[in-house]
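Please have the sequence and the model open side by side.

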Amino acid sequence: MLGLNTWPGVLAQYWVNRVRLLWTAEGNDWRGLSTADKEAAARLLDPADYATRASLAITAADTYFLFGADPTFAREHLFPLFEATTGERATQAWKSYLHHPRANDAMLEAGF
């Protein structure tokens, strides 16, 4: 609920939908997230910022989709959210992801 009812969560929803629209528009020419989109998403996941608790929930829920959009970004920025060493953030990531979990062999082979 935190991600749905706060401005950081709404911003994360916008970002995920932006990626979805760009990928759809580019079709077979899609090469992954732009540098600007990667930087924006990294800021949405910054553990030093309390506001990112809400954006983490939204982003973690879309891990499967974002891995499909850019596997390197997902390995570097999303997968670490689920590690036990991140404590409360890991719990939040797993709760969001497990609401509608999806994974594939490529994700598992990449270390998810």
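## Where aspartate 37 sits

Helices here are DSSP runs of H or I with at least four residues, numbered from the N terminus. The model is a predicted one. Aspartate 37 belongs to helix H2, which covers residues 35-44.

Is aspartate 37 buried or exposed? Its relative accessibility is 5%, under the 20% cut-off, so aspartate 37 counts as buried. Beyond its neighbours within four places in sequence, aspartate 37 touches Trp15, Arg18 and Leu22.

## How H1 and H2 pack

Helix H1 (residues 7-26) packs with H2 at an angle of about 155 degrees, and their axes are 11 Å apart. Because that angle is over 145 degrees, H1 is roughly antiparallel to H2.

On the H1 side, the contact is made by Leu11, Ala12, Trp15, Arg18 and Leu22; on the H2 side, by Asp37, Ala40, Ala41 and Leu44. Sorted by class, this contact holds seven nonpolar, no polar and two charged residues.

## Two salt bridges

How many salt bridges does a search of the whole structure find? There are two. In one, the side chains of aspartate 37 and arginine 18 meet at 2.9 Å, N to O. Arginine 18 is in H1 and aspartate 37 in H2, so this pair ties together parts 19 residues apart in sequence. Arginine 18, at 32% relative accessibility, counts as partly exposed.

In the other, lysine 38 pairs with aspartate 70 through their side chains (3.7 Å, N to O). Lysine 38 lies in H2 and aspartate 70 in the loop between helix H4 (63-69) and helix H5 (71-78), so parts 32 residues apart in sequence are tied together. Lysine 38 is partly exposed at 31% relative accessibility, whereas aspartate 70, at 6%, is buried.

Methods. Residues are numbered from 1 along each chain as its sequence is written. This is a predicted model: local features need pLDDT of at least 70, side-chain atom pairs count only at pLDDT 80 or more; totals for chains, interfaces and linings use all residues. Side-chain values use heavy atoms; hydrogens and water are left out. Helices (H or I, at least four residues) and strands (E, at least two) are DSSP runs, numbered from the N terminus. Buried means under 20% relative accessible area, exposed over 50%, partly exposed in between (1.4 Å probe, protein chains only). Contact means heavy atoms within 4.5 Å. Axes are lines fitted to C-alpha atoms, for helices over the stretch in contact, and angles run from 0 to 180 degrees between N-to-C directions. Angles under 35 degrees count as roughly parallel, over 145 as roughly antiparallel, 65 to 115 as roughly perpendicular and the rest as oblique. Ala, Val, Leu, Ile, Met, Phe, Trp, Tyr, Cys and Pro count as nonpolar, Asp, Glu, Lys and Arg as charged, and the others, Gly among them, as polar. A salt bridge is a side-chain nitrogen of Lys or Arg within 4 Å of a carboxyl oxygen of Asp or Glu.
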